[in-house]
Amino acid sequence: MYKGDNFRIIDKETFEFRMPEDRPMKILQLTDLHLGFGWMARNLDRKAMEDVTTIVERTKPDLIVLTGDTIFPFFLRTGTVNNKKQAAKFMEFMDMFRIPYALVMGNHDAEIGSKLNREQLGNEFRKGEYSIFAHGPKDIFGAGNYFIHLVKPDDWDAPLPNGYCRSDMALVMLDSNMYGKGWLTSGFDRIHADQTKWCMDRLEWLREYNPDMRAMAFFHMPVKEYKIAYEKMKLGDTSVKFHFGGISEKEDYFGISRYKEDFFEKAQKNGMIKAMFCGHDHLNTISLTYKGIRLTYGMSIDYGGYSGIKKKQTQRGGTVITVDYDGSWDVKPEPLSVVVTPKVRGLKLFTERVQKERAKQRERARARIAELEKEREERKKARKEAAERRNAKIKQFYEDKISKNRHTD
Ligand SMILES: [Fe+2]
């Protein structure tokens, strides 16, 4: 678990994160990495990690939020169901950047048949040097329901009022769970009613202490309003505002739940959640405002989750969210390469240029990973030597004590 001086654990479901000095805070949303770390996934994992490196180095975020399907314990695709090993490998990679990263679960991270279930995997997700994860309240659905309060540097040392609220912006992390009835073919699950209630109650409670408090929600599977808003926009409803991106899943597919859920409706009624971010549908990248709430599909990384996706490029990247001291915020896509529209995709020269640029990008990422690995080994060595020195000192202290006692005897 992350232990920096810009981070505090308030209770089992609340963290505080100090915003940087003199500039807005930068959050990078990454989603659907689908890292396998099995014998079948080696090449694809390498590509995914190079891409993550490129985006992280380019954007230099203060905090990374991973909205699920980070690892992929699916034997037929990766050759392993060992999500314990996957989580360890993933965190070893992420820790190299020395940037804190918060996690929510996707439907695949603890896939049916994988070594660890969601609760157990949550314990693993707490073991990274820079990872942030909390199970959240035990009596509600899901693993990984928690709040991260962003706090202005000037307020960081202010006394904590009763309501925990010295923040103007809360990041709400929610588990959208796996499959509705527990088995793979029962359809996608959703944010359950008890989770929604817990979230809205907490927000109301925070508002009592800070009427200007705002929030952003992060979860894996989209709520149904993503689809509703998109369809309304297509029919010419001008109340839906388009910001960027598109819907590229086949036949305008949205991986929403068929079960009843009302997270968006409750959030809209509450009025504090201004933006929602999800992943799940790897080819959808759209960002819309619907009924006053910004709905964004994060750009994804996946190389091995969807068959054939390794050849697709326009969906691949991250999403940058900036939050200022006054609570204002902005969302921008961070594509890995030039987003090629279908109109110019046919131009051979243009495609070749993009491919060349991507090859160079990969080379730079590989070199950076090698540098980071070297730094990590040096840090490990320094830590080991410091521990050895400490042990030697302790040993010496006791040896001196024993010999002194012997002399007095
Ligand atoms: Fe996924």
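Let's start with a pair of strands: S2 (residues 14-18) and S7 (residues 146-151) run side by side in the parallel sense, joined over five bridges. Strands here are DSSP runs of E with at least two residues, helices are runs of H or I with at least four, and both are numbered from the N terminus. Two strands count as paired if DSSP finds at least two bridges between them. Within this pair, arginine 18 has valine 151 of S7 as its bridge partner.

A word on what you are looking at: this is a predicted model, in which local features need pLDDT of at least 70, side-chain atom pairs count only at pLDDT 80 or more, and totals for chains, interfaces and linings use all residues. Residues are numbered from 1 along each chain as its sequence is written.

Now step back to the sheet that holds S2 and S7. Nine strands make up this open sheet, ordered S1-S2-S7-S8-S9-S11-S13-S12-S10, and the pairing is mixed. At its edges stand S1 (7-11) and S10 (241-244), each with a single partner strand, so one side of each has no neighbour in the sheet. On average, neighbouring strands of this sheet are turned by 20° against each other, direction ignored.

Follow the chain out of S2 and you come to aspartate 22, in the loop between S2 and strand S3 (25-30). Aspartate 22 is not a glycine, yet its phi is positive, about 60°. With 7 other C-beta atoms within 10 Å, aspartate 22 is exposed. For these labels, C-beta atoms are placed from the backbone, and a residue is buried with 20 or more others within 10 Å of its own, exposed with 12 or fewer, and partly exposed in between. Asparagine 177, in the loop between strand S8 (169-173) and H5, is another non-glycine residue with a positive phi, of about 65°. Asparagine 177 counts as buried, with 25 C-beta neighbours inside 10 Å.

Axes are lines fitted to C-alpha atoms, for helices over the stretch in contact, with angles running from 0 to 180 degrees between N-to-C directions; under 35 degrees counts as roughly parallel. Thr196, Met200, Leu203 and Glu204 of H5 meet Phe263, Lys266 and Asn270 of H7, where contact requires C-beta atoms, placed from the backbone, within 7 Å.

The other sheet to visit is an open one of six strands, in the order S6-S5-S4-S3-S14-S15, again with mixed pairing. Its edges are S6 (131-132) and S15 (329-335), each having a single partner strand, so one side of each is left without a neighbour in the sheet. S14 (residues 317-323) and S15 pair in the antiparallel sense over seven bridges, and threonine 319 has proline 333 in S15 as its bridge partner. Helix H1 (residues 42-59) lies across S3, S14 and S15, running at about 170° to S3.

Finally, the whole chain. It comes to nine helices and 15 strands. The C-alpha trace spans about 95 × 55 × 45 Å along its principal axes. Buried residues make up 43% of the 409 residues. Among contacts between residues at least 6 apart in sequence, 75% join residues at least 24 apart.

Technical notes
Two residues are in contact if their C-beta atoms, placed from the backbone, lie within 7 Å.
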